[in-house]
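Have a look at the model first, then read on.

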Amino acid sequence: MSSLDTQVGGDHYKQMKIQPLEYALENGLGICEHAVIKYVTRWKYKHADGVEDLRKARHYLDILIEREITQGGQNGSE
């Protein structure tokens, strides 16, 4: 049994074919990219306030954009 087979709190990831963490690990994503995928993937499954997860995803996107621009990354002009 893999650690990915266990979810602590809730069951929103258990309903998915591929968990966001598993996808992020397999594709070498950073913490911000992983957070965006995690929040966008699970927002519909959250019972209380799924829109809050969309706001969290937007926050991580803002962080990525800001870092890309201030650090002069390849994609800073997009």
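Arg-42 and Asp-53 pair up through their side chains in a salt bridge, with N to O at 2.7 Å. Arg-42 belongs to helix α2 (residues 31–42) and Asp-53 to helix α3 (residues 50–70), so this contact ties together parts that are 11 residues apart in sequence. A salt bridge here means a side-chain nitrogen of Lys or Arg within 4 Å of a carboxyl oxygen of Asp or Glu.

**Ground rules**
- This is a predicted model, where local features need pLDDT of at least 70, side-chain atom pairs count only at pLDDT 80 or more, and totals for chains, interfaces and linings use all residues.
- Residues are numbered from 1 along each chain as its sequence is written, and side-chain values use heavy atoms, leaving out hydrogens and water.
- Helices are DSSP runs (H or I, at least four residues), numbered from the N terminus.

**The other bridges**
- Searching the whole structure turns up three salt bridges.
- Lys-56 bridges to Glu-52, with the closest N and O atoms 3.6 Å apart; the two are four residues apart in helix α3, about one helical turn.
- Lys-56 also bridges to Asp-53, this time at 3.8 Å between the closest N and O atoms, and that pair is three residues apart in helix α3.
- Put together, Arg-42, Glu-52, Asp-53 and Lys-56 are linked in a salt-bridge network.

- Buried means under 20% relative accessible area, exposed over 50%, and partly exposed in between (1.4 Å probe, protein chains only).
- Arg-42 is buried at 10%, and Asp-53 is buried at 2%.
- Lys-56 is partly exposed at 29%, as is Glu-52 at 40%.
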